[in-house]
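Have the residue selection tool ready.

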Amino acid sequence: MTSKKRIAIIGAGVGGLTAAAILARSFDVRVYERAPQAGGKIRQVAIGDSAIDSGPTVFTMAWVFEEIFAAAGTALNDHLSLNKLDVLARHAWRDGGRLDLYADETRTAEAIAEFSSRADAENYLAFCAKTKRIFETLRDPFLCATQPSFASLMMRSNPIALLGTKPFFTMWSELMASFKDSRLAQLFGRYATYCGSSPFEAPATLMLIAHVEQEGVWFLDGGMQAIATALERVAKQNGAEFTYNAHVTEITAGANSVSGVKLSNDEKIDADIVLYNGDTGAIDNGAMGASARRAISLPTDRRRSQSAITWSASATVTDFDLSAHNVFFSDDYQSEFDSVFKQDRIPETPTTYVFAPDRTSNHAIHGAPERLFILVNAPPIGDRHDYTQHEIDACQTRTIDHLEHCGVTVRINENTSTVTTPTDFANMFPGTGGALFGAACHSWRASFQRPTVRAKIPGLYLAGGSVHPGPGVPMAALSGKTAAAAILSDSGVK
């Protein structure tokens, strides 16, 4: 029987939870989380007697989680109840245009033909085929790889297929070439924000996210928090121990290997292996101790991804039949991203995402109070700018006004509303400045500049949205799965 080494996992976000669930079968796993509960960026905010997802709200790539639960010795369906959505998202513009994307491609094409033109309906079907090819080209040799590099990708992939992933074109230029109607370019360009990036600077490769959603968007009983709860439960069943309200202030290391962690109360915990599931910016700025800074090398021109201002509230909605996921677009997309990434300010007319979990595609609330999570993009300056109440109120006024121009009237119950700003996110997630997705993906090189799961200090491993393969719940989960596989392999455990 393999001698059980001790693994200290810093952070109970989805990457750390994934690794804990898998590794606890073979190791003595201890998880230390500074928050009072598991989840990391997966979080819920109380609204009266209820709660609402107030971080990630979209569940995709179910196959990732099927593999994770299998690796942890169980099955996804034993822990999570998934309901596939018919309407992926509902979209609206200030000119009155409205368009639903459906799980059924043919139905979406018919909707686009009515919304725009028959030509763009055909363009959409070609776009779906293109994004599927991009995803299939990159899935195994890049997304699921432990130590990807451009050279390894070239060796493992067809060069023509790689060029077909469009790494040297911006997402916006490729979308404008794909559709006659610029509103469709705007719609699919929004997927760049899933990586915290601008479609005007992100590589067109990120169009693969469109295929990921087309493969399925699910609603979870219990919300996204159910993922964290399920992974924590499986990890505990496999023997992992969790300590909450435990703030790790240092990763301790000797000349040749990691030695453990130190908590804010000065308690030192010995460990043979440490898995850091937090933003790598905190290692880079010394928040994890001086000895850990040599563990990674971040590019000097690294740019933060976007942040957000969000409202979690009870509200009434009239004049518009919301779906579960809704996007209300601004008129000037370019200026919106210029505001966030170049001018460090909240957009004047922000594209607004509204998550309405009390809705289904066939169910209307008819003006009764319901839970809403409202999000607008904001600059990642939470570590150097404290948003005032005046700024927050002004942003809320502009956001509600924009929604009204798109045909939806929202009345927020201020007594139940919780606002979260980039300053709040910076405090919740050290080393980020409020950036929610690690580094922005604004060049083809960016994907290869993320740290990978093996750090430069032997015995130290990395997981989370700021490391390979990138941000988002399924990607962070993949990083935890890949880190676990690396630890098992390096420890000689089969």
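The model is predicted: local features need pLDDT of at least 70, side-chain atom pairs count only at pLDDT 80 or more, and totals for chains, interfaces and linings use all residues. Residues are numbered from 1 along each chain as its sequence is written, and side-chain values use heavy atoms, with hydrogens and water left out.

Select residues 325-328, strand E15; strands here are DSSP runs (E, at least two residues), numbered from the N terminus. His-325 and Val-327 point one way from E15, while Asn-326 and Phe-328 point the other way. All four named residues are buried (under 20% relative accessible area, 1.4 Å probe, protein chains only).

Within E16, Val-354 is the bridge partner of Asn-326.

Next, move to the open sheet of 3 strands, in the order E10-E11-E12, with antiparallel pairing. Select 248-253 for E10 and 268-270 for E12: each has a single partner strand, so one side of each is left without a neighbour in the sheet. Neighbouring strands of this sheet are turned by 25° against each other on average, direction ignored (axes are lines fitted to C-alpha atoms).

Finally, select residues 258-263, strand E11, which pairs with E10 in the antiparallel sense over 5 bridges. Val-261 in E11 is the bridge partner of Ile-251.

Note on methods. Buried means under 20% relative accessible area, exposed over 50%, partly exposed in between (1.4 Å probe, protein chains only). Two strands pair if DSSP finds at least two bridges between them. Axes are lines fitted to C-alpha atoms, for helices over the stretch in contact, and angles run from 0 to 180 degrees between N-to-C directions.
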